[in-house]
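Here's a quick briefing to read alongside the structure. Have the viewer open and click along as you go.

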Amino acid sequence: MTTGDARAEYAAVRNGAGVIDRRDAGVLEATGRDRASFLHALLSNEIKALTPGQGCAATLLDIHGKVQTLLLVWVLDDRILLVTPPSTAAETLEALDKYLFSEKVELRDATEDWALVLTAGPQAPALVQRLAGAAPDARAWSSVAAKLDSIDVRLVRGGGETGEPEVWIAAPRAEAERVLKTVTAAGAVPVGAAALESLRIEAGALRFPADIGPAVLLPEVPFADLVSQTKGCYPGQEVVVRIRDRGHVNRHLRGLVLEGDAVPPAGSEIIAGDAAVGAVTSATLSLGLGRPLALGLVRRQHAEAGTAVGVRIGERVVPATVSDLPFRR
């Protein structure tokens with residue numbers, strides 16, 4: 001349940017605390033003594049050195065360096081949780097299972113066991129700490145066990161999807177409504193899809209598969225938080241390192257600030273002169289800036305911030321300006 005007022009929901013996250021139902025996300029569990037080393041050998045970020053209460057964001061790549069999925073990795077005492085994008089838990093489990101041979105690892109789809117709730121806003125960490133008597137530290141994806149209204153939960157510091165401080169609450173799925181009611185009763189405003197999309201795009205946060213997916217090389221998007229530059233081999237590493245050290249990619253994910261009020265659909269052509277130089281991956285009417293904003297993959301020659309381009313919307317080309325991410329508010 002949300003207020004139905006996207007502007008009020010947006011303002012709550014920018015100025016106070018909002019709460020977002022994330023039960024659409026998938027959750028995989030990895031158990032067994034080799035779980036960390038197994039995932040370390042497959043994912044793009046550091047896993048083996050993480051201790052209970054730590055985590056990271058990471059990708060699973062194919063051998064060509066293209067993104068097969070985007071994951072949140074949360075290390076608990078006796079298991080590792082992998083949070084997957086909506087509707088991708090089963091295929092991610094299958095993709096990981098293909099690499100499992102003699103390792104002592106058990107993988108399972110635990111989506112039906114967990115409910116994920118995201119609180120966001122400058123007041124969100126204090127609100128959750130007041131309710132649970134505990135809080136994760138300020139490092140992204142750090143976590144701590146706690147109780148919220150006598151429910152055993154895991155509190156996880158967010159990575160900035162909304163551009164504001166965030167705390168995830170991972171609870172038993174049967175307790176989802178109780179958690180939501182407890183958090184809203186404490187003052188958090190329920191936030192719907194329209195407000196969240198404005199917050200996300202303003203922050204330049206990537207959504208799978210729209211902005212980062214199987215057609216995208218990892219180095220084409222902002223990826224510093226998704227990769228360890230010091231770990232050993234993983235699928236696609238050779239491509240990532242070769243591009244880093246000896247080459248470049250031909251396109252980059254950038255922001256676009258559009259004139260007018262028309263929001264371009266995903267796939268809309270980005271135009272320079274008479275030529276298509278990219279495509280929009282996602283877009284929204286920014287509730288903070290009051291104008292359309294988009295994310296798009298733009299050819300390298302036109303990807304510098306401040307470059308004037310156009311976006312084809314229907315039969316017309318709307319003027320736009322390339323922007324660094326996150327967008328300036």
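**Salt bridges, rings and a pocket**

Glu197 and Arg207 join their side chains in a salt bridge, at 3.3 Å from N to O. That pair links distant parts of the chain, with Glu197 sitting in helix α6 and Arg207 in the loop between α6 and α7, 10 residues apart. Keep in mind that this is a predicted model.

**Charged pairs**

- Side chains of opposite charge can pair when their charged atoms come close.
- In total, the structure holds 23 salt bridges.
- Glu197 also has a salt bridge to Arg200, where the closest N and O atoms are 2.9 Å apart.
- Glu197 and Arg200 are about one helical turn apart, because they sit three residues from each other in helix α6 (residues 193–203).
- Over in α7 (237–246), Arg244 and Asp245 bring their side chains together in a salt bridge at 2.7 Å, N to O.
- Arg244 counts as partly exposed with 39% relative accessibility, and Asp245 is partly exposed too, at 46%.
- Some bridges share partners: Glu29, Asp78, Arg79, Arg108 and Asp113 are joined that way into one network.

**Aromatic rings**

- A pair of aromatic rings is described by the distance of the centres and the angle of the planes.
- How many aromatic pairs are there? The count comes to two.
- One is Trp74 with Trp168: the ring centres are 5.7 Å apart and the planes meet at 70°, and since an angle over 60 degrees counts as edge-to-face, that's the label this pair gets.
- Trp74 belongs to strand β4 (residues 67–75) and Trp168 to strand β10 (residues 166–172), so this pair ties together parts that are 94 residues apart in sequence.
- Trp74 is buried, with a relative accessible area of 1%, and Trp168 is buried as well, at 4%.
- Trp168 also pairs with Trp141, with centres 6.5 Å apart and planes at 55°, so this pair is tilted.
- Here, too, distant parts of the chain are linked: Trp141 is in the loop between α4 (124–132) and β8 (143–148), 27 residues from Trp168 in strand β10.
- Is Trp141 buried or exposed? Trp141 counts as buried, because its relative accessibility is 11% and the cut-off for buried is under 20%.

- Which elements each supply at least two residues of the lining? They are α7 (237–246) and β12 (251–258).
- The most comes from β12, which gives three residues to the lining of this pocket.
- Sorted by type, the lining residues of the second largest pocket are eight nonpolar, three polar and four charged.

Note on methods. Residues are numbered from 1 along each chain as its sequence is written. This is a predicted model: local features need pLDDT of at least 70, side-chain atom pairs count only at pLDDT 80 or more; totals for chains, interfaces and linings use all residues. Side-chain values use heavy atoms; hydrogens and water are left out. Helices (H or I, at least four residues) and strands (E, at least two) are DSSP runs, numbered from the N terminus. Ala, Val, Leu, Ile, Met, Phe, Trp, Tyr, Cys and Pro count as nonpolar, Asp, Glu, Lys and Arg as charged, and the others, Gly among them, as polar. Rings of Phe, Tyr and Trp (its six-membered ring) pair if their centres lie within 6.5 Å; planes under 30 degrees apart count as stacked, over 60 as edge-to-face and the rest as tilted. Buried means under 20% relative accessible area, exposed over 50%, partly exposed in between (1.4 Å probe, protein chains only). A salt bridge is a side-chain nitrogen of Lys or Arg within 4 Å of a carboxyl oxygen of Asp or Glu.
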